[in-house]
Amino acid sequence: MRAGLYAAVAWALIVPYVWAQEPFRLEIVLDPPTAAPGETVHIELWAHFQYDCAVATVGTNLLMSAYARHIHDHALAYGFPYGTPGQVGIDGVREIQAHRIVAIGGIPTPYENPIMFWEADFVAPSDGPREVILATRTVLFILSQDCCGHCYSPISRLDELEEAFVVLRIDACRADIDGDGELTIFDFLGFQNLFDAGDLAADFDGDGSLSLFDFLAFQNEFDAGCA
């Protein structure tokens, strides 16, 4: 019994320490991570931060290396009651700002971490580069750790923040894994290498995981050929 008590005490001490070491960071999620021309990709921005009772504020820009004007239906995600979804320009979406009220009058709302705070759709174009780089450039990342309803002491976490970075591949013929313009046995081998490495470029059925169904989807596209 004493050993169990020691273990419980040790766990109580370790967990807050591990929690405190988790980075404050943003994340860009693409669904699917690889797209064919004309296919719609859903983009999500997530914020990873630690808090107890707080008001959380995120102000960032989503920058794109190309095709930013192909973004549409950009909006703040559910859970952020107010803010601005930003303006679409030639280099991305500027001035995205969202606020999450985590406690009102000392009463915390349901715990969420990370939080999706912004989303949009993007239509993959048929011409130009086959890769589009997406990255965040954040100007505001603030938490208030006060639970009372009459005080607000914001703490900037911008200097601790890890920005998000992701590459969207646009493939006119996804089955042409080696990119030589032909479908051969080397594309099968290339797909298998991606699958074995756990690379989501092998997620041909677009469910966010790798399984037998990705092999079947790849084979179907291979058999259909490339236009």
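**Figure 1. Salt bridges of the predicted model.** The structure holds 3 salt bridges, a salt bridge being a side-chain nitrogen of Lys or Arg within 4 Å of a carboxyl oxygen of Asp or Glu. The model is predicted: local features need pLDDT of at least 70, side-chain atom pairs count only at pLDDT 80 or more, and totals for chains, interfaces and linings use all residues. Residues are numbered from 1 along each chain as its sequence is written, and side-chain values use heavy atoms, with hydrogens and water left out.

**Figure 2. Close-up of aspartate 91 and arginine 94.** A salt bridge joins the side chains of aspartate 91 and arginine 94, at 2.6 Å from N to O. Relative accessible area is classed as buried under 20%, exposed over 50% and partly exposed in between (1.4 Å probe, protein chains only). Aspartate 91 is partly exposed at 29%, and arginine 94 is partly exposed at 31%.

**Figure 3. Close-up of arginine 157 and glutamate 160.** The closest N and O atoms of this salt bridge between glutamate 160 and arginine 157 are 2.9 Å apart. Glutamate 160 is partly exposed, with 35% relative accessibility, whereas arginine 157 is buried at 17%.

Figure 4. The side chains of glutamate 221 and arginine 174 form a salt bridge of 2.4 Å, N to O. This pair links distant parts of the chain, 47 residues apart: glutamate 221 belongs to helix α3 (residues 212-224), and arginine 174 to the loop between β14 (165-170) and α2. Helices (H or I, at least four residues) and strands (E, at least two) are DSSP runs, numbered from the N terminus. Arginine 174 is buried at 14% relative accessibility, while glutamate 221 is partly exposed at 26%. Arginine 174 also lies over the face of phenylalanine 204, at 4.3 Å from the ring centre. A charge sits over a ring if NZ of Lys or CZ of Arg is within 6 Å of the ring centre and within 35 degrees of the ring normal.

Figure 5. A search of the whole structure finds 10 aromatic pairs. The rings of phenylalanine 191 and phenylalanine 195 form a tilted pair, because their centres are 6.3 Å apart and their planes stand at 35°. Rings of Phe, Tyr and Trp (its six-membered ring) pair if their centres lie within 6.5 Å; planes under 30 degrees apart count as stacked, over 60 as edge-to-face and the rest as tilted. Phenylalanine 191 and phenylalanine 195 are 4 residues apart in helix α2 (residues 185-196), which means a separation of about one helical turn. Phenylalanine 191 is buried, at 1% relative accessibility. One aromatic cluster is formed by Phe188, Phe191, Phe195, Phe204, Phe215, Phe218 and Phe222.

**Figure 6. Close-up of strand β4 and its partner β12.** Strand β4 (residues 55-64) is mostly covered, with 10 of its 10 residues buried. Val55, Thr57, Gly59, Asn61 and Leu63 point one way from β4, whereas Ala56, Val58, Thr60, Leu62 and Met64 point the other way. Strand β4 runs antiparallel to strand β12 (residues 131-144), and 10 bridges join the two; strands pair if DSSP finds at least two bridges between them. Alanine 56 has leucine 143 in β12 as its bridge partner.

**Figure 7. The protein chain as context for the close-ups.** The protein chain contains 3 helices and 14 strands. Of its 227 residues, 38% count as buried.
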